[in-house]
Amino acid sequence: MTVVQGIGVSAGIAFGAVVRVGRAVRPPDNEPAADDAEPRIREAFESVASDLEARVALVEDTAASILTATAMLARDPSLIDGAIARAASGAGPATAIDGATREFMDQFAALGGYFAERATDLRDVGDRAIAAVMGAPAPGVPALEEPCILVAHDLAPAETATLDRTKVLGIITEAGGRTSHTAILAAQMAIPAVVKLPEASELADGRIVMIDGDAGAVHLDPSPATVTEHRERGARRARALEHATGPGSTLDGKQVKLLANIGGVDDAVAAGAADVEGVGLFRTEFVFLSSPTAPTVDDQAEIYRQVFEPFEGRRVVVRTLDAGADKPLAFADLGAEENPALGRRGLRLSAERPDLLDAQLEALSVAAGQTGADVWVMAPMVADAQEAAWFARRVRENGLPTVGVMIEIPAAALRAGHVMAEVDFGSLGTNDLAQYTMAADRMQGELAELLDPWQPAVLDVVASAAEGAGRNGKPMGVCGESAGDPLMALVLAGLGCSSLSMAPSRVAMVRFALSRHTFAQCVRLAHLARSARTPADARAAVLAECAPDLAAIL
Amino acid sequence: MSTRTVAIGSSVGLHARPAALFVKAAGDAGLPVTIAKEGGSPVPANSMIAIMALGAKHGDRVTLAAEGEGAEEVLDSLAELLERDLDAEPAS
């Protein structure tokens, strides 16, 4: 039996046989023109429209209106005439349909917003018509006879909305992310789902798999015993987490704030509605990366306002622009670098282009004033106390009272005593901290073991940062992925971290883990982990000594 | 060729439900009708895609055109439809 890892986006255990969602067929290269192209193109669109309309009667209201609207696109004279005109000037029938579809998709995409979303519906219609004209099976979800696990590259909105809940036990996709359409709808429909699973393309029809939506794992050909075990554990977990709500704290009442990591307005709205105490990491790159020119203060302020709005009375920690040679900005490209991870990135780019930082800080200040959120601002890639002081002055000059630094360079962690004296708070970025401590590139899949957050050396560096913050009476949090691991969360709390920021889906488990241990127990677990010789030993030691009711649901 | 020039009355502009209602009415008209934004080229009024790609917002002025028997009546009723706030009206 093999277990493969994706991202769990909808909790629960599902077990069954794979049914693959048909992938779109592409028009053949150099497809020859056809004399009968016009009638074939008309027939193809008509069969797509009537097929969609036939399904309308079988589904619920929302799904029916999505299908009706999609069928209307398949009957659209502009699309059909556009395809026929392309065929008349020599394109093959499938190529003509593809060309006409793309032409309108581009127009929709250029209009943005609502229209850009409709481009996906148009793509769906185009793909169906291409398959029809080529005599290939229709892309999308086939008619489902038996309950099954759906496996797709990605699901179109119309497909996800029209899924038959009684037939779809679980969903696996190769693409997508935590906030993709599939993720949101699957969670709403309470169908266990794992997205971004690279192995999804290798799962054939009929393969028996088990989805663990909490862990983001997919078990291939699991034994009946494994399935039973996971089902029982899933039920235990659901029972345990049912009452795990509210602010985070240890069994003896030491507070550890539970915060969300977000990367955009959609994330903010979702996290704002969740049981979290605020945002521990708001990545602002999306504001800049898609833009051909530097976004204006007004444009930025409007986006930040939308992000802050759901968090009235709660904390939102903003990380200022974190770009570098590996994700260059169109308007601030400093050129290629041999080692982007060690180059002019994060705060170093801001030092080179202080105008970008000042505009961002001004926009954050405006948005903070318009909302009731408690806005904290921190810089990425801070190496020493001088850089921390330079950043802190700029932030305070912009009227933002609470300033901090990311601790992701070991130098800043080792000298935290001086670095933390310059600012109000620190936040450990454990992914980069591991990369720089172990000298192992995060982009190198083969080095994953060195990047294990349980590496005792990484824990030593974390301990040094937390100790330096403690000596200054300043809070030190964690916003890397390790904060979302319930066992690691106990260690981090024991090392003195006072907030943990993670994907919102991880919060309930971490909250439960903290609530089952006293602070003294966390300190002891941290000591055990740091005393271990290897990452595996460190985790095993903590697992062996943690509360049995936590171990039972991991 | 008869024409009518009106401002879009729907607060959301000519897309979503208002566009669907307009496209349906134009399709039922029985003769070809075109619609153009000021300074733009005319597109078929019975095409949802063309109407959406037009991107007409609330207050934008558009010109309807048609030719043949009954064109005047058809244009009158379509123009009247465009001037209403179709999004504010309850779905039937």
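Trainee: Leaving aside its neighbours within four places in sequence, which residues is A:N431 in contact with?

Mentor: Good place to start, and keep in mind that this is a predicted model. A:N431 is in contact with A:R442, A:G480 and A:E481, once neighbours within four places in sequence are set aside. A:N431 itself sits in helix α17 of chain A, residues 430–438.

Trainee: Is A:N431 buried, exposed or partly exposed?

Mentor: The idea is to count C-beta atoms around the residue: 20 or more within 10 Å means buried, and 12 or fewer means exposed. A:N431 has 16 other C-beta atoms within 10 Å, so A:N431 is partly exposed.

Trainee: Which residues does the UniProt annotation "binding site" cover?

Mentor: According to the unreviewed UniProt entry, "binding site" covers A:R283, A:R319, A:N431, A:D432 and A:R442. Take A:R283, which lies in strand β10 of chain A. Because A:R283 has 17 C-beta neighbours inside 10 Å, A:R283 counts as partly exposed. Beyond four places in sequence, A:R283 is in contact with A:G263 and A:R319.

Trainee: What sheet arrangement does β10 of chain A belong to?

Mentor: Follow the pairing from strand to strand. In chain A, β9-β10-β11-β12-β13-β14-β15-β16 form a closed barrel of 8 strands with parallel pairing. From one strand to the next, the twist averages 30 degrees.

Trainee: How many bridges join β9 to β10 in chain A?

Mentor: There are 3 bridges between β9 (residues 257–262) and β10 (residues 278–283), and the two strands run parallel. You can find A:I262 opposite A:F282 of β10(A).

Trainee: Which residues of α13(A) are buried?

Mentor: A helix has 3.6 residues a turn, so residues three or four places apart point the same way. The buried residues of α13(A) include A:L357, A:L361, A:L364 and A:A368. In chain A, the buried residues of α13(A) pack against α11, β11, α12, β12 and α14.

Trainee: And in chain B, what does B:M48 touch?

Mentor: B:M48 lies in helix α2 of chain B, residues 48–54. With 24 other C-beta atoms within 10 Å, B:M48 is buried. Not counting residues up to four places away in sequence, B:M48 touches A:M72, A:L73 and A:D76 in chain A, and B:A19, B:A20 and B:V23 in chain B. B:M48 and B:V23 are 25 residues apart in sequence, yet 6.0 Å apart in space, C-alpha to C-alpha.

Methods
Residues are numbered from 1 along each chain as its sequence is written. Chains are lettered from A and ligands numbered from 1 in the order in which they are written. This is a predicted model: local features need pLDDT of at least 70, side-chain atom pairs count only at pLDDT 80 or more; totals for chains, interfaces and linings use all residues. Helices (H or I, at least four residues) and strands (E, at least two) are DSSP runs, numbered from the N terminus. Two residues are in contact if their C-beta atoms, placed from the backbone, lie within 7 Å. Two strands pair if DSSP finds at least two bridges between them. Axes are lines fitted to C-alpha atoms, for helices over the stretch in contact, and angles run from 0 to 180 degrees between N-to-C directions. UniProt positions are given in the numbering used here, feature names are shortened, and annotations may be inferred rather than shown by experiment.
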